[in-house]
Amino acid sequence: MAKFMITGGKKLEGSVRVTGAKNSVLPILAAALLTTKEIVLKDCPDLADIEKVIGILRAVGSKVKREGSTLIVDPSTITTWVIPDKFVKEIRSSIIFLGAMIARLGKAKVTYPGGCEIGQRPINLHLEGLKKLGIEVNDSYGYIECYAPAPMGAEIHLDYPSVGATENIILAATAAHGYTIIRNAAKEPEIGDLQNFINAIGGKVCGAGTSTIIVEGKRPMRGATHTIIPDRIVAGTYLTAAAITGGEVLIENVILDHIYPVVAKLRESGAIIKSVGSAVLIKGRDRPLPIYHTTTLPYPGFPTDMQAPLMSLLSVSSGTSVMVETIFENRFKHVPELIRMGANIRIDGKTAVVQGVDSLRGTTVTSHDLRGGAALVLAGLRAEGQTIVENTYHIERGYECLECKLRSLGAEIEKI
Ligand code: EPZ
C-alpha cells in the first residue's frame, strides 16, 4: 500500500489551481444517460472515484474517452439496465445511476450500496422519492429493482436535504410526465452544476441552490459541452494547508461563494484571506487562533467534508475549539491518529473538544477515509519531524496528485 512521507515545518508559498469538483462530475456522468448524443465534460480531474463511474458507463454500453481533463461520452448505446455489483460496492455514490437509468430505459437494477467508513449511508430518501414519481421499487435479496413504465411528476418533500436523494430524484423526474417539485432539497453547489448540465442538454430544471427545485419532464435531449465547477472541498483543503503552515498561497479557480463557510472559519483562526478575481489569496498566521465553535451543516453551513481538515488546524491553535459533526455518524476516525501525533482532542458523541498544542510530532498514521486522510497530510505539514501517512488510496479518491500540488508549494512530501 502506498504511503506519503512528509517532513513538516515548511511554510507553503506560491500558487495552485483547483480542479473540477468530484461531487459534480459523478452525478453529471450519470446524467449523460439522459441523452443519446455526445457529451463533452471539461475540467474533470483524474481521480479514482471518477474512473470507477466511467467504468459503470462503459459497463452499461456507453463509450467514454479521456483527453487530459476532458471526458467525451457517447451514451448512444445502452445495453443493460443493471448496474454491475462490483462498481456499486467500490463506490456507493453509484446509487445515483438509479434515477438516470430509470429515465433512460424505464427500469434499473442495482445492488444495495453498503455503508462506508464514515457511516451507514442509508438511501431511504432516494427510494421514497422515486416511489412518489410512480416508480415501482422492489428491494429483495440485496438488490433494488425499479420499473417505471410511465413515471408521473409529483410533489416531493425530503425529510432531510440529502444531496444524493435530491440528485437521484431530479434525474428520474426528467422522464416523468408533467412537473416535479422537490421541497427541502439540498442546496449544495453541485446540485446547481447538475441543473445547468441538464438544462444544457435540453432539460428544464430550476431552483437549484434553493430549497425548492422544479423539474419539467419529457423534454427532448441533445448533446452539450459543459465545464465542471471548481471543487470547493479541494479549495478548502488547500486553504487549510496554507493556514496550518503559516504560509502565503494563491489558490486559483475558486468560486468564493461556494467556500464562504470555510473562509469565514479560517479568518476566525487569524488567517488573512482576500479574493483576487477568480482566485483567493491566503496568508496563514504563525500560530492559528482557536475557533470557538463549528457545527457541520447542509450547505450553506460549514461542510462536513471540511470537518477533518479544519480539525488538524485546530489541533495546533493557541486555545480550545469545539467541533460538532451533525451529518455523518462516524466521521471522527482521524482523531485517534491526530492524538498519536500529540493532539489533545476529546470526543463526546458528535462533539470534539480540541485543546490546541504548541506542536505536533511526526509519526506513522493511517488514513481511514478520504477527508480524514487529507487531514493527516495537513497535520504532517505542520508536525515536527517526519510523518508517514498510510493508505493513501483513500486520499487519491478525491485529490488529484495531492503530493505533487503540495510539493509545488514547497512542502517536503513524497509518495513511497
Ligand atoms: C454527498 O454524499 C457527498 N458525496 C459527500 O461527500 C458529502 O459529505 C455529503 O453529500 C454531504 O455534503 C457525493 O456527492 C458523491 P447526503 P451523500 O445524502 O449524497 C443521511 C466526499 O468526501 N441520508 O446529503 O451521500 C445520510 O445518512 C463525500 O466527497 C439518509 O438518512 O450525502 C447522512 O447522514 C463523503 N437517507 C446525511 O443524510 C438517505 O436516503 C447526508 O447524506 C440519504 C441520506
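In the predicted model, a polar side-chain atom of arginine 331 lies 3.4 Å from an oxygen atom of the ligand, while a polar side-chain atom of aspartate 305 is placed 2.6 Å from a ligand oxygen atom; a polar contact is here a pair of N or O atoms within 3.5 Å. A backbone N or O atom of proline 122 is found 3.3 Å from an oxygen atom of the ligand. Of the 820 Å² of accessible area that the ligand has on its own, the protein covers 86% (Shrake-Rupley method, 1.4 Å probe). Local features in this predicted model need pLDDT of at least 70, and side-chain atom pairs count only at pLDDT 80 or more, whereas totals for chains, interfaces and linings use all residues. Residues are numbered from 1 along each chain as its sequence is written, and side-chain values use heavy atoms, with hydrogens and water left out.

The shell around the ligand comprises 23 residues, each with a heavy atom within 4 Å of the ligand, and Asn124, Leu125, Ser162, Asp305 and Ile327 come nearest. At least three residues of this shell are drawn from each of domain 1 (3-19 + 230-415) and domain 2 (22-227), with bounds taken from an automatic or database domain assignment.

Elsewhere in the description, strand S20 (residues 351-355; strands are DSSP E runs of at least two residues) pairs in the antiparallel sense with strand S18 (residues 320-324) over 5 bridges, pairing being defined by at least two DSSP bridges. Within this pair, valine 353 of S20 is the bridge partner of valine 322. Strand S19 (residues 344-348) likewise runs antiparallel to S20, joined by 5 bridges, and aspartate 348 has threonine 351 as its bridge partner in S20.

Note on methods:
A polar contact is a pair of N or O atoms within 3.5 Å; within protein, one must be able to donate a hydrogen and the other to accept it, and residues adjacent in sequence count only if both atoms are side-chain atoms. Helices (H or I, at least four residues) and strands (E, at least two) are DSSP runs, numbered from the N terminus.
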